[in-house]
Each structure stands twice: as structure tokens, then as C-alpha cells.
Amino acid sequence: MKRLLDSYQKLFSLHEINKDLAIRLFGAAILLGFIVSFKGWESSYLSTLNAANNGDAICWPMFQGCYDLFFMNRRPHGYIQNTIFMSMLGLIFVAAYGLIAKKYVTAHFCILILFIWKAYLTSINYMANGNFDYYHTAFTFIFLFLPHKRFFGSLSIPLFYFLSTATKIHEGWTLGTYFTSMVTDLPLFPDGTTMLWTNMVILMEMVGAWFLFSKHKHIQKTVFAFFVIFHLYSGTLVGYHYPLIVTPALLIFFGPLYKPFHSVPLDRKAIAGWLLMCCLVSAQMISHVIPGDEKLTFEGNFYGLYMFEANHQCSILMTNENGDIVYRADTTSARNRCDPYNYMFRGQKKFCQGETQSKISFKQTHSINGGPFYLIVDEADLCALEYKPFSRNRWIKTEDEAKATARPRENYYR
Amino acid sequence: MTPTEFEKLPIIGLQDTGTSDPTGYTDLQAAFLPYIDLYHTALWLLFFGIGITLVTRFILIPLLKGAKT
């Protein structure tokens, strides 16, 4: 048994947790992240067998046959999902105890199970694609599997800031139209100053974030303070979830416990960490190699960071051969993304099963950042549509191909 | 689409946006609009420039130095 424990500790570099308070706190922050995520998922309908049977669950584009993996029901139709989630809460408590009582194998093993459970839930639910979960999954992976945990945990934070700017090089941020096309504009700041703040965020995330590693105390602390305030401010729009996952890691690695790195790990043990960083960069670039504005078409949009990529308004209409409306949705909430894949997937599950099918037409208009409503989908046969996860889907029109139909009114962030 | 073409489009207010103002550029945004593609190109150059500089300075050069010794 001792040999097994030694091998486990060696395999997952648990000595790093033992010798570094920052890593132990990082583990605690990860547990907080699990609580925040699981709180919303514990009673989620979208991971249940009923959601799959009713065609409401949405699989990821690269895994469209995910319904085979559904097995749970939630109250009042069953208790399996709720029971598993309560077991996970128990594991969170045990892991927290393990971190405090220096039983690191126990803590690590519990977090490993939590990670596997979260990976399963994410893989069967396209709606579990939140950026906060993306951060949290990367943090957990680093904590669990990588050697040089402190270095790669620290690096992931400015790297995420940096990568997030790839989605902000767009009028929505450079001209600030994301916010000026809302009734309430940017919270707390005077109207007319929006462009100043949005461009400052872009420059701080792209350039300033790297100075979190500065050896100059004043520069490092100033940048650190900026990002802490930035996260607290962002909560006025996004609520607690995102700040609760990102800010603790920022506080742990770049707050009072910050120690400048004298060199970058380049030994064999660091290969896995660098591979993860390469994966994060590659995922961020997928949407940019697919032609068209991904904020309008959503092709490749959810593979990297996409937070605040655009302010959305859209209208979806599905009619049968008699012209009867079988599905209609209008949405004006800035953050309610109008991904055509969602409507295609759910529509096909509801209307294209069985032998007697009526032809369903599918139209979608979509406006981003207060720009024109573009008729991005105008298809006569919903059931004939296919979705390619990593390349252009001709049935989704880009801003150059789609007809502009109308001009929207200012909306709200809900 | 030019701002003039945009302003000619019929205005639609979905759901509860019916009473709010139509969207459009502010004077400041309109003033920057002609240069926005140039600005975006500059930002992309900065993005890739920073990425390449960091990789070269902190990974490639130390690796090459390590290989020499």
C-alpha cells in the first residue's frame, strides 16, 4: 500500500502541494469553483434522461450522439442526479479536510473524482460551455496532473487574459458598441467614456497582464490591483460566478504570496504543461480560422474564451409546410447567445424523428452589438441540415452573405 | 454596411425593447469608424508580436542556450 501511495504522489507531483502554501490554497479555490458550478448543475434539467428523451438536451457539435451517455433523472422524476451531486459535495468536504490536515493523497484523489464528474457533465451538455467553467477546468487540470503546478497555475492567468483579447478585437470592444447599444451602457461609468474603458481593458489584458510576473514590486502590485478591481467590477454585470472562480487564483498567485520566477521551467517534466498551454492557444484560434464573424455565426465560438464577445438580439422562426409556426423565439438579452446550432439541434430532435416528417423551414435573424439584423439562416428543410464542428457551414450565412433586414433598438443585459 | 445604409433600415424593437432608442454609432464612434480596420490590424500585430516575443525570449532562447551547453 505504501508503495502504491508513493507512486501516486510521484505520478501527480504531490510533493509540490506539500511544500507550497499557494498550491494548497489553489486547491481550496478549485473546491470553491466546484461548489459554484455544481450549485447550478445539481438540479439542472439538461443533464437528465428526460431532457434527452424530450430532445431538449444539446450535445457538443463534435459529439452529436451524446444522448447515449445520459442515465440520470432529477427530482421529482428520480433522485440519481441529486444523489450523485450530494456525494460530490461530500467529496468536496473530504478534499477540504485533506488539504487542511495535510492528507494530500486524499485531497487529490477526491478532486480527481470531482474533475472526472465535471468532465462527464461538460461532455454531455453543450450549454455547460461557460467561460468560468473553462477557466476552472484548466485550473483543476493543472492542479491535478501537471508538475510545476505553481508556475503553470500562475501562467494560466495572464495567458487567459491575453487569449481573451483575441475575441475583443472587434467593434464591440474597440468602439464599445457592445455597451453603447444597451439602454444602460457601461455600468457606473459616464456615457461617452465607454471606448476609453473598453480599450484600456484590451491593452491591460493583452500587454499589462504579463507584468503580473514583474520583479518590480510597484508595477506588479499596480497590475494586480487593476485586475482585482476589474473582476469585482465585472461582477456588476456577470454576478458572482465568474469572479469567484478567477479572482481567488489571481489573489493566490499574484497577491501577498507572489514570488517572482527566476526562470521558466523547460525540463522534461514541463512538457505536459507547455502542451496544455499550446492546446489553450490552439482552441482560441479555431474560430478565427473559420471564415465569417464567429460572433454572428458562432462557428468555433465556444472552443476558447468568448466572454462578452458580442451583445446579441435575435429572432428564430420555424414553420411547417402549411405555414403554421411550430417554433418561435425572440431574445433581446445581450448575453443570450443565439447559436444557430442550438436551434438546429433541438429542432431536429423535436421535428425530425420518426418516419412521417413534414418539411420544417428555419429562419434566424441575428444582430450583434446593435448592428443590423442579418438573416443568417433561411433554410427550407431543417431536417436536411448538418453541422460541421470545425469548418464553415454553408447554411449559416456570414455578414457578407446574409441580407440585412432591420435595425434593432437598444437592449438590456440580463 | 455603411452607417448611411444602416440608418435606412426599418427599425424593429423585439420584446421589451420597443420603447428604447434605435441603435447607432455615437459621434465619437463614427469619427473612429473609418480607421477601425487599421486599428484592428495593429491590435492583431501587437497580439502576435507579444506572443512571438514571449515564446522567443523565455522558451526558445533558453532552450537553444541549453542545447549549446
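This is a predicted model: local features need pLDDT of at least 70, side-chain atom pairs count only at pLDDT 80 or more; totals for chains, interfaces and linings use all residues.
Student: OK. Which domains is chain A divided into?

Tutor: Domain 1 covers 1–128, domain 2 covers 147–306 and domain 3 covers 311–406. Those bounds come from an automatic or database domain assignment.

Student: How many residues does the contact take from domain 1 and domain 2 of chain A?

Tutor: The contact takes 12 residues from domain 1 and 12 residues from domain 2. Two residues are in contact if their C-beta atoms, placed from the backbone, lie within 7 Å. On the domain 1 side, helix 3 of chain A gives the largest share, nine residues. That side divides into eight nonpolar, two polar and two charged residues. Here Ala, Val, Leu, Ile, Met, Phe, Trp, Tyr, Cys and Pro count as nonpolar, Asp, Glu, Lys and Arg as charged, and the others, Gly among them, as polar. The C-alpha centres of the two domains lie 25 Å apart.

Student: What about the largest nonpolar core, which residues have the most contacts inside it?

Tutor: A:Phe26, A:Ile30 and A:Ala249, in a core of 93 residues. Helix 3 (residues 21–41) of chain A supplies the largest share of this core, nine residues. A nonpolar core is a set of buried Ala, Val, Leu, Ile, Met, Phe, Trp, Tyr and Cys residues joined through C-beta atoms within 7 Å. Buried means that 20 or more other C-beta atoms lie within 10 Å of the residue's own; 12 or fewer is exposed, in between is partly exposed, and C-beta atoms are placed from the backbone.

Student: What does A:Phe26 touch?

Tutor: Not counting residues up to four places away in sequence, A:Phe26 touches A:Phe143, A:Gly153, A:Ala249 and A:Ile252.

Student: Changing topic: what order do the six strands of the open sheet come in?

Tutor: The order is 2(A)-1(A)-3(A)-4(A)-5(A)-1(B), with mixed pairing. Helices (H or I, at least four residues) and strands (E, at least two) are DSSP runs, numbered from the N terminus. Two strands pair if DSSP finds at least two bridges between them. The edges are strand 2 of chain A and strand 1 of chain B, each pairing on one side only.

Student: And strand 1 of chain A, is that mostly covered or exposed?

Tutor: Mostly covered: six of the eight residues in strand 1 (residues 312–319) are buried. Strand 1 pairs antiparallel with strand 3 (residues 361–368) over eight bridges, and A:Thr319 stands opposite A:Ser361 there. Six bridges join strand 1 to strand 2 (residues 325–331), also antiparallel, with A:Met318 opposite A:Tyr327. That hairpin has five residues between the strands, and A:Gly323 takes a positive phi near 85°.

Student: How does strand 5 of chain A pair with strand 1 of chain B?

Tutor: In the parallel sense, over two bridges. A:Arg407 is partnered with B:Ile11, and A:Pro408 with B:Ile12. Strand 5 also runs antiparallel to strand 4 (residues 373–379) of chain A, joined by three bridges; A:Phe373 stands opposite A:Ala406.

Student: How many residues does the contact take from chain A and chain B?

Tutor: The contact takes 31 residues from chain A and 33 residues from chain B. Strand 5 of chain A gives the most to its side, four residues. The chain A side divides into 15 nonpolar, 11 polar and five charged residues.

Student: Last one: why is chain B more spread out than a compact globule?

Tutor: Its radius of gyration is 23 Å, well over the 11 Å that the globule rule gives for 69 residues, so chain B is more spread out than a compact globule. The radius is taken over C-alpha atoms, and the rule is 2.2 Å times the number of residues to the power 0.38. The C-alpha trace spans about 70 × 30 × 20 Å along its principal axes. Chain B has three helices and one strand, and buried residues make up 4% of the 69 residues.

Key. Residues are numbered from 1 along each chain as its sequence is written. Chains are lettered from A and ligands numbered from 1 in the order in which they are written.
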